[in-house]
Amino acid sequence: MTETDTPTHVAGPRVVRIGTCVAMLAAITVGGRITDAAVLMAAAVPGSAISLSITGLAAGIPFLLAGGIGRLLLLARLSPRAAILLGSALGALAGVALATGLADAGARPFLVYAPLVVVTIANIIVNATWMSSLPEILPDLTRRRRTIGITATVTSAGAAAGPAIAGLSFGFLDLSGLCLLYASTSAAGGIAMAVAIGAPSPADQPETTGADRPGRFGGVRDIVRSRRARGPVLVQVSTNLIVFGVIYSLPVRAVQEAWPPSWVAIGMAALMSGTIAGSLLATVSPSHRLYATALRLEPLFRAIMLLVFAFAADGYPAWLCLFLFSLPQGFGRVARQSMMTEEFGATNRLQVMATYRGMLGASMVIAPFVMERGVDLIGTFGYTLSCAVALTTLFVLQVVDTPKGERP
């Protein structure tokens, strides 16, 4: 169904459904980041038994299993509505458990780590279900691309707002109260989202591709076998590892070069602002040719910005480099997710989307260790330059893997 023959009488209800789902997804994202901030604040308390490294592992390890989570959802034959209710219920229960754990974190930190694992699993379920359901909810490609862009923009904004809200709210809410706030957001947002997502009509169902039953490694297999998806996804996974390594290296560079502590916060804000701006650009310009060009040129552009950042002094030049460095991230994320909703059919799309999210999230677990070792060996300047070289190499490899008629 094309945009020209889309029935007008369904446009209004679909706008309401999609708007409600995106708003609730943003609210759940804000709540999740409030929880993250609460745990980090608890870890910073003198004498706390909470370890930052173990906290990072607890929040990141489920991403390594995301493909399996998607497979289980498919095998259980849960509808999108049931899957979102399941994810939000897990998030709500984990928020309550985390509130209890933070009340006694000094004695039993396991009561903090275990709920964090569940929070991440809940996030994977809700987000992967929403993205994999979009082709049924919104068959029109142009409108779907815009919806993916809006989703990426508001969730990025929610991720940035969560820690700020946690800091401002701490004056009248303790750490346990912040986690209960997330539990309420997860429960209410999930219920509203499940009601809004509804059930797709038979006319909206796309043709399915792939096996009748999801395979154990189906998500990875489908991505690798797809000539269209393979390059952009694998390049993004590698790029994410580099990006998170750069982010974690900012405080180290600030200490080595005697930058004021406020510079790190402003640098992080510049990175997040670039991502949001990129998502907005992709939302207002949902062009297939522009998306394809952005995906191919992203590693090279980011390599150039990182190279300039390596030589930049603190202050406005460095902040501008960080903003431009992250600008393609928002645009590329929208382009990749749009491409994957077009490339994979309903039979295996949920497992593919969960696997893709897991592959990206796994870099959050690995990147700090790679960065720490790299900085120890060659310093922050050498590490930044090596990241720029790695991004350039990824660009070349992606060009080689792209069919000749589609190369930039």
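**A walk through an all-helix model**

The protein exposes about 17,900 Å², and carbon and sulfur atoms supply 69% of that area (areas come from the Shrake-Rupley method with a 1.4 Å probe, and for residues only the protein chains shown count as cover). What you are looking at is a predicted model, where local features need pLDDT of at least 70 and side-chain atom pairs count only at pLDDT 80 or more, while totals for chains, interfaces and linings use all residues. Residues are numbered from 1 along each chain as its sequence is written, and side-chain values use heavy atoms, with hydrogens and water left out.

Let's start with the overall build. There are 13 helices and 0 strands (these are DSSP runs numbered from the N terminus: helices are H or I with at least four residues, strands are E with at least two). Of the 408 residues, 50% are buried (buried means under 20% relative accessible area, exposed over 50% and partly exposed in between, with a 1.4 Å probe and protein chains only). Among contacts with a separation of 6 or more, 86% are between residues 24 or more positions apart (a contact means heavy atoms within 4.5 Å).

Now for the inside. The largest nonpolar core has 35 residues, and Trp130, Met193, Ile223, Val233 and Met340 have the most contacts inside it (such a core is a set of buried Ala, Val, Leu, Ile, Met, Phe, Trp, Tyr and Cys residues joined through side-chain atoms within 4.5 Å). Several helices supply at least two residues each, including H1, H5 (110–137) and H7 (175–197). Apart from this core lies another one, of 27 residues, with Ile242, Leu250, Trp263 and Val375 among them.

A polar atom of the Thr29 side chain lies 2.8 Å from the backbone oxygen of Leu25. Thr29 counts as buried because its relative accessibility is 8%. Beyond its neighbours within four places in sequence, Thr29 is in contact with Thr155, Gly158 and Ala159.

Charged side chains come next. The structure holds 3 salt bridges (a side-chain nitrogen of Lys or Arg within 4 Å of a carboxyl oxygen of Asp or Glu). One of them joins Arg349 and Glu136, with the closest N and O atoms 3.2 Å apart. Arg349 sits in helix H13 and Glu136 in helix H5, so this pair ties together parts that are 213 residues apart in sequence. Glu298, Arg302 and Arg336 are linked in a network. Arg302 and Glu298 are 4 residues apart in helix H11, which means about one helical turn separates them. Glu298 also pairs with Arg336, again at 3.2 Å between the closest N and O atoms. Both Glu298 and Arg336 are buried.

Finally, the outside. Leu57, Ile61, Leu64, Leu65 and Phe369 form a nonpolar surface patch with about 460 Å² of accessible area together (patches use residues with over 30% relative accessible area and no salt bridge, joining like charges within 9 Å and nonpolar Val, Leu, Ile, Met, Phe, Trp or Tyr side chains within 5 Å). Helix H2 (residues 52–64) gives the most to the patch, with 3 residues. Leu65 is in the loop between H2 and helix H3 (66–75), and counts as exposed because its relative accessibility is 54%.

Note on methods
A polar contact is a pair of N or O atoms within 3.5 Å; within protein, one must be able to donate a hydrogen and the other to accept it, and residues adjacent in sequence count only if both atoms are side-chain atoms.
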